[in-house]
Amino acid sequence: MHWTTDRSAPSVGPVVITKTRSPIRSNVGLKAVMAVTGILLVLFLVVHMLGNLKIFTGETSFDHYAHWLRDIGTPLLPHTWYLWIQRTVLTVAVVAHIVAATVLARRARAARPVKYAHRKKVNGSYAARTMRWGGVIILLFVIYHILDLTTGHLNPQGDASNPYGNVVADFAPERWYVTLFYTLAIVTVGFHLRHGAYSAFRSLGQQTPRGERRARAGALVLAVALCAGYLVVPFAVLTGLVS
Ligand code: HEM
């Protein structure tokens, strides 16, 4: 925040102090940060989902794909460098997304003259009201998921050279509770994404009832497609389609 003295103010009387915010810290700037980082995260989700679907092409092909991920950019970049660049960009995006969301939520609360008498009457969809806790659950899920399928610490097999085997071991029928946990987390991602995408589409599209309806439908289609694309993998293992 910059404090500036208004020199055009009359020389007599009190000095007028005006508050100006750098563009990135204004509400519009923060919403742009939310949108740009949100788009990056959705892009990752779409690409990751498509990569996961390669499990249906068989063990050799899936493992080959996972090894190839470590070689993207070579020989220009050394082995795994691309992956580390992607991890850094995603981490920065997640942190910026959370910080911008927190600042915007605090400002919205501070600007509200009186607290709502009945919290239940807060307007907005279920997805809109669950954004904060949804975000926290997704963050906790991602930490668990990395320890499960990237580092292998929480995976029954945990063999970095055989991601196909790790996925099959993870969602084995006797570990149905892991599939249940993944399902809840992915549905949470779906709700979070539906609201985020709806806000983004609404800002980009026409500000008319028709535009609103389109934004709502587009966000719903994106969220359902993504949920289905993710859930099909654990359920294929659970039902023995992939083994
Ligand atoms: C059932 C659904 C999912 C399956 C089967 C799955 C599978 C995997 C596998 C096998 C890996 C390790 C890839 C490798 O190291 O070669 C991985 C990494 C990862 N997944 Fe998932 N995933 C699922 C859902 C998700 C979701 C919903 C998110 C995000 C909300 C997510 C975020 C990540 C991240 C951040 C990594 C680490 C990538 C890295 O190493 O840089 N995954 N996933």
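**Close-up views of a predicted model**

**View 1. Ring pairs join five aromatic residues into a cluster.** Phe141, Tyr144, Phe171, Phe181 and Tyr182 are linked by ring pairs into a cluster. The model shown here is predicted. Across the whole structure, a search finds ten aromatic pairs. One of them joins Tyr144 and Phe181.

View 2. Phe181 is partly exposed, with a relative accessible area of 34%. Tyr182 has a relative accessibility of 4%, so Tyr182 counts as buried.

**View 3. Two histidines coordinate the iron atom of the ligand.** His48 and His145 each use NE2 to coordinate the iron atom, at 1.9 to 2.0 Å. His48 belongs to helix H1 (residues 27–53), and His145 to helix H5. The pair therefore ties together parts that are 97 residues apart in sequence. Are these histidines buried or exposed? His48 is partly exposed, at 25% relative accessibility. His145 is at 19%, and buried means under 20%. His145 therefore counts as buried.

**View 4. A shell of 18 residues lies around the ligand.** His48, Asn52, Arg70, Arg87 and His145 come nearest. One, from Arg70, lies 2.7 Å from an oxygen atom of the ligand. Another, from Arg87, lies 2.7 Å from an oxygen atom of the ligand. For His145, a polar side-chain atom is 2.7 Å from a nitrogen atom of the ligand. Which elements give two or more residues to the shell? They are H1, H5, H7 and helix H8 (209–238). H5 provides the largest share, five residues.

**View 5. Arg87 lies over the face of Trp84.** The distance to the ring centre is 4.4 Å. Arg87 is also among the residues that come nearest to the ligand.

Key. Residues numbered from 1 in each chain as written. Predicted model: local features only at pLDDT ≥ 70, side-chain atom pairs only at ≥ 80, totals over all residues. Heavy atoms only, no water. Phe/Tyr/Trp six-rings, centres within 6.5 Å; stacked < 30°, edge-to-face > 60°. Buried < 20%, exposed > 50% of the residue type's maximum accessible area, 1.4 Å probe, protein only. Lys NZ or Arg CZ within 6 Å of the ring centre and 35° of its normal. Donors = N, O, S within 2.8 Å, 3.2 Å for Na, K, Ca; no water. Helix = DSSP H or I, 4+ residues; strand = E, 2+ residues; numbered from the N terminus. Near = heavy atom within 4 Å. Polar contact = N/O pair within 3.5 Å; in protein donor to acceptor, adjacent residues only side chain to side chain.
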